[in-house]
Amino acid sequence: MGRFVTPDAYIESIYSISPEGLIKMGIKGLILDIDNTLVPTYTKNADIKVKAFLDNMKKNGIKTAIVSNAKQGRVEQFCRHLDVDYFYNALKPLKKGYRQAIENMGLRPCDVAIAGDQLFTDILGGNLLGMKTLLIKPIDRNEPFMIRLKRLFEKPFLRGKQYLDKF
Ligand SMILES: [Mg+2]
């Protein structure tokens, strides 16, 4: 179990990730979670920061996609003004959503990284598929009850970890 919930890197914020850092790891595609990774859980719209982040990845040859467990309405509204492929109801940690996104990119799982804030969904799913996995520190603590519950189980796996503020 341990190794499947161990990410390749622990990162302070999604906005600490640079295309150069990904390229150095051999990563050609980046799959992103929305809630508490790109924006706080209850933020409905993508902001200029999200757009600039995605644009910068694209400019540097990194393919991007959004894979979220959230419902269609939430994900569609969030991605409305973004030029990015998106997949909703992804049922992470199941592989289906990730697999579709990776196929769309025309890449192999080992060339693609997942960046997300939850060990038992984002990271577990990525490791099961043989992707690179980047754990992002959740933006804030305002989360639905079920997720707060999962945070308790994450705790022992996160104790003493150092988070990078540049990647
Ligand atoms: Mg999340």
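Ile 17 touches Ile 11, Leu 22, Phe 53, Met 57, Ala 115, Leu 134, Ile 136 and Phe 167, leaving aside residues up to four places away in sequence; contact here means heavy atoms within 4.5 Å. The model is predicted, so local features need pLDDT of at least 70 and side-chain atom pairs count only at pLDDT 80 or more, while totals for chains, interfaces and linings use all residues. Residues are numbered from 1 along each chain as its sequence is written, and side-chain values use heavy atoms, with hydrogens and water left out.

Ile 17 lies in the loop between S1 and helix H1 (19–24). Helices (H or I, at least four residues) and strands (E, at least two) are DSSP runs, numbered from the N terminus. With a relative accessibility of 5%, Ile 17 counts as buried, a term for under 20% relative accessible area (1.4 Å probe, protein chains only). Ile 17 and Leu 134 are 117 residues apart along the chain, and their C-alpha atoms are separated by 9.6 Å.

Strand S6 (residues 132–136) is largely enclosed by the rest of the structure, because four of its five residues are buried. Two strands pair if DSSP finds at least two bridges between them. The pairings of S6 are tabulated below.

| Strand | Partner | Sense | Bridges |
|---|---|---|---|
| S1 (residues 9–11) | S6 | parallel | three bridges |
| S5 (residues 112–116) | S6 | parallel | four bridges |

Within S6, Leu 135 stands opposite Tyr 10 and is also the bridge partner of Gly 116. From S5 the chain crosses through helix H5 (residues 119–129) to S6 in a right-handed β-α-β crossover: with the strands pointing away from the viewer, the path from the first strand over the helix to the second runs clockwise.

Note on methods
Buried < 20%, exposed > 50% of the residue type's maximum accessible area, 1.4 Å probe, protein only.
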